[in-house]
Protein chains: 2
Amino acid sequence: MTYENKMRSVIKAISWRFFATLQTALIVWVITGEIKLAVSAGVIDVIIKIISYFIHERVWNSVKYGRTDRPSFVLWFTGLSGAGKTTIATEVYHELQKEEYKVEYLDGDVIRSIFPQTGFTKEERNRHLGRVSYLASTLSKNGISVIAAFISPYKESRKFARSLCENFIEVYLSTPVEECEKRDVKGLYKKARDGKIKHFTGINDPYEEPENPEIVIDTSSKNLFESKKVVIDYLKQKELI
Amino acid sequence: MTYENKMRSVIKAISWRFFATLQTALIVWVITGEIKLAVSAGVIDVIIKIISYFIHERVWNSVKYGRTDRPSFVLWFTGLSGAGKTTIATEVYHELQKEEYKVEYLDGDVIRSIFPQTGFTKEERNRHLGRVSYLASTLSKNGISVIAAFISPYKESRKFARSLCENFIEVYLSTPVEECEKRDVKGLYKKARDGKIKHFTGINDPYEEPENPEIVIDTSSKNLFESKKVVIDYLKQKELI
């Protein structure tokens, strides 16, 4: 829960005073027709009221009523290596950060670099994503939205993530494997073709397409700006931002 | 970031009005000596000011200045099985929840039941606690305090947790192994003695005592109420709650 510091209350009290004493003086002036009386009333009013307003603010600061955290959500990007998950996800992340939303970014490559002992077999991938899902749901349950970018090739692990998280939004980057291989930003497709990487999704490991993703983006026909807009518009439409 | 709903502003406007119009009327009465004039001024004042106050509140609702999240912390309970980690940790957790602090509870047994594939060798324990530390630090970084209860027998993993988390508080339950074995709430010590459990801390696996824990509690000489108080008092003293 946020709380407000005393300086905020002081400044609000003064801000309110400028606004309110003017009205008080005007009321006295209109009723009595005497400008001098109006000014006297105004001066006394200022002193007493600033102090009163400050006290009133401090009392309300301890009242929880009407203060709400925004709903949190989990944006789960899935798709082949090179489809644009990290690129779009970080773009959306920075946009939300700029707007001061509480949001955390979880990236497959980053988390694997912190815990390098995780393998790439179906079982290991699902176990890894199980832990990531638990992390995402714990954050989300505490009011922190999550943007997750993981190849997450198996339906099973995406279903598990969905089951744990409220407001789960699956963003499927449907860019065809040919296009991803053509880009081959990290040179991984070549290595997989040469047999230097085993369990490479799309080449020698399966990718199970999502059946009912909330959002589908093919980055061979949409640029970064358009892709980001699709996601942001969806969040706005669902009143999550 | 929390935001305030409109109803809160309406109620604050009315609450302020009772308080403020009374003063306005009194000021007019003291200056003019006329009670009728004081009442008229009061009535007009009420109507205009309630609306003004509401507008003033809504404008301030969009101002971030002076709104702060409380500092978060990580309370890390370490000690032998049966020392009282879960008991004291949940008690502290409920106390903080009752006071509406944002706090998450991570328990060794619970997390292991969600991810049962984690083993008990030194390497597996450290890897497991590495992931838990990452979870704790991510929560804490986002303003959610964490209460963690893990045997965490190795200095290495506790040092890693400390390195990741700000406001890290190590709570060492120093209850001697003889006392823990005498309690043997879950019957685990007996199983370990019978050779049915391998890698059981304190029996056939080491426990490396913390060197500089922030808090030390021996639950053979302190009851639950006293133990909880030690932790809560520490948090208060450090102005974390």
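**Exercise 1.** Determine whether R125(B) is buried or exposed in this predicted model, and identify its salt-bridge partner.

*Solution.* Step 1: The relative accessibility of R125(B) is 6%. Buried means under 20%, so R125(B) counts as buried. Step 2: The side chain of R125(B) meets that of D205(B) in a salt bridge, with 3.7 Å from N to O. Step 3: R125(B) belongs to helix α5 of chain B, whereas D205(B) sits in the loop between α8 (188-193) and β7 (215-217) of chain B; the pair links distant parts of the chain, 80 residues apart. Step 4: D205(B) has a relative accessible area of 12% and is therefore buried.

**Exercise 2.** State which parts of chain A are tied together by the salt bridge of E95(A) and K228(A), and classify the accessibility of E95(A) and of K228(A).

*Solution.* Step 1: The side chains of E95(A) and K228(A) form a salt bridge of 2.8 Å, N to O. Step 2: E95(A) is in helix α3 (residues 85-98) of chain A and K228(A) in helix α9 (residues 224-237) of chain A, so the pair ties together parts 133 residues apart in sequence. Step 3: E95(A), at 21% relative accessibility, counts as partly exposed, while K228(A), at 14%, counts as buried.

**Exercise 3.** Describe the salt bridge between K141(B) and E104(A).

*Solution.* Step 1: The closest N and O atoms of K141(B) and E104(A) are 3.2 Å apart. Step 2: The pair crosses between chains, from helix α5 of chain B, which holds K141(B), to strand β4 (residues 103-107) of chain A, which holds E104(A). Step 3: K141(B) has 59% relative accessibility and counts as exposed; E104(A) has 8% and counts as buried.

**Exercise 4.** Find how many salt bridges the whole structure contains, and name the residues linked in a network of salt bridges.

*Solution.* Step 1: A search over all chains finds 30 salt bridges. Step 2: The network links K12(A), E57(A), K12(B) and E57(B).

**Exercise 5.** Characterise the largest nonpolar core and the surroundings of W76(A).

*Solution.* Step 1: In soluble globular proteins, nonpolar side chains tend to be buried together. Step 2: The largest nonpolar core here comprises 36 residues, and W76(A), L106(A), W76(B) and L106(B) have the most contacts inside it. Step 3: At least two residues of this core come from each of β3 (74-79), α5 (122-141) and β5 (145-149) of chain A, and from each of β3 (74-79), α5 (122-141) and β5 (145-149) of chain B. Step 4: Leaving aside neighbours within four places in sequence, the contacts of W76(A) include L129(A), V132(A), A148(A), F150(A), F168(A) and I169(A). R158(A) and E170(A) are also among them.

Methods:
Residues are numbered from 1 along each chain as its sequence is written. Chains are lettered from A and ligands numbered from 1 in the order in which they are written. This is a predicted model: local features need pLDDT of at least 70, side-chain atom pairs count only at pLDDT 80 or more; totals for chains, interfaces and linings use all residues. Side-chain values use heavy atoms; hydrogens and water are left out. A nonpolar core is a set of buried Ala, Val, Leu, Ile, Met, Phe, Trp, Tyr and Cys residues joined through side-chain atoms within 4.5 Å. Buried means under 20% relative accessible area, exposed over 50%, partly exposed in between (1.4 Å probe, protein chains only). Helices (H or I, at least four residues) and strands (E, at least two) are DSSP runs, numbered from the N terminus. Contact means heavy atoms within 4.5 Å. A salt bridge is a side-chain nitrogen of Lys or Arg within 4 Å of a carboxyl oxygen of Asp or Glu.
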